[in-house]
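I opened this entry to keep track of what I looked up in one model. I took the items one at a time.

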Amino acid sequence: NPVLYIIYQAVVVGLTDETGRFVAHRVFMRGLEDDTTPLFYGIGHGALEAWTFVAVPAYSTIMFANEFSAIGLEGMIAKYPNMIEANIIEKVNQINAVSYGLITTCLLERLVFFILHLALSVIIFYGVRKKKISFLWTAMILRAVSTIPSSMVVQKVLENDVIEIDLLFTIALFICYPAVKMYSPEKKYYENILEVFKGPNVQMGV
């Protein structure tokens, strides 16, 4: 069910990603108060995700394509008797369908998620430093929302990749705004994320 899939994906990703981010800053990175700390965490998270979701599958696909080109369908069946002929043909057709547009969309999507991880890490880091648990719940909700465009594409509710990237980019901009305000060297204090959009109530010293 597309609706249940989208909700499930949003809830699971929101909970796991941001709980992990919170525990990392609260427990494993305790004492690292430098402003660059959340940026390095976000870079690591984004890079690992790109490696897992893009680099490894791309490498596997390239190796499969090279082997198929070298030995052909009959050679693949003989070498891998457990592989079904129809599955091999389907995979070859999928590889042939890959276009520059699809590759560009994939890279743009990863870039936006990379920026999202930086922004969400800043939000969580700010909440941990100021001991405000509300920033954790806010980050969970924002991360959950950010999964919706790609989930809609997976479920074929949305078939236009350009619209997906536009939606994802809009969500990323919305998330980046409070992150940039919190990362500001002005060291302003926000009780919750809504105050970021209204302006701080208290000016804190360095």
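**Starting point.** The model is predicted. I kept that in mind throughout.

**Helix 5 and helix 7.** I began with how these two helices pack. Helix 5 covers residues 134-146, and helix 7 covers residues 161-183. Their axes come within 9 Å and cross at roughly 160°. Angles over 145 degrees count as roughly antiparallel, so helix 5 is roughly antiparallel to helix 7. I also looked up the hand of the crossing, and it is left-handed.

Next I asked which residues in helix 5 meet helix 7. From helix 5 I noted Phe135, Leu142, Val145 and Ser146. Their partners in helix 7 are Leu168, Ile171, Phe174, Ile175 and Met182. I then sorted this contact by class: 8 residues are nonpolar, 1 is polar and none is charged.

**Cysteines.** How many disulfides does the count come to? I got 0. Cysteine 106 is in no disulfide, and the nearest cysteine sulfur, that of cysteine 176, is 19 Å away. A disulfide needs the two sulfur atoms within 2.5 Å, so at 19 Å the sulfurs of cysteine 176 and cysteine 106 are too far apart for a bond.

Cysteine 106 has 31% relative accessibility, so I logged it as partly exposed. Cysteine 176 has 18%, and I logged it as buried because the cut-off for buried is under 20%.

**Arginine 21.** I found this residue in helix 1, which spans residues 2-28. Is arginine 21 buried or exposed? Its relative accessibility is 0%, so it counts as buried. I then listed what surrounds it, leaving aside neighbours within four places in sequence. Arginine 21 is in contact with Tyr41, His45, His117, Leu120, Ser121 and Ile124.

**Alanine 119.** This residue is in helix 4, residues 100-130. At 5% relative accessibility, alanine 119 counts as buried. I looked up its contacts, not counting residues up to four places away in sequence. Alanine 119 touches Ile175, Cys176 and Ala179. Cys176 is the buried cysteine from my notes above.

Last, I took a distance. How far apart in space are alanine 119 and asparagine 93? They are 38 Å apart, C-alpha to C-alpha. In sequence, 26 residues separate alanine 119 from asparagine 93.

Conventions
Residues are numbered from 1 along each chain as its sequence is written. This is a predicted model: local features need pLDDT of at least 70, side-chain atom pairs count only at pLDDT 80 or more; totals for chains, interfaces and linings use all residues. Side-chain values use heavy atoms; hydrogens and water are left out. Axes are lines fitted to C-alpha atoms, for helices over the stretch in contact, and angles run from 0 to 180 degrees between N-to-C directions. Helices (H or I, at least four residues) and strands (E, at least two) are DSSP runs, numbered from the N terminus. Angles under 35 degrees count as roughly parallel, over 145 as roughly antiparallel, 65 to 115 as roughly perpendicular and the rest as oblique. A crossing is left-handed if the near helix is turned anticlockwise from the far one by less than a right angle, and right-handed if clockwise. Contact means heavy atoms within 4.5 Å. Ala, Val, Leu, Ile, Met, Phe, Trp, Tyr, Cys and Pro count as nonpolar, Asp, Glu, Lys and Arg as charged, and the others, Gly among them, as polar. Buried means under 20% relative accessible area, exposed over 50%, partly exposed in between (1.4 Å probe, protein chains only).
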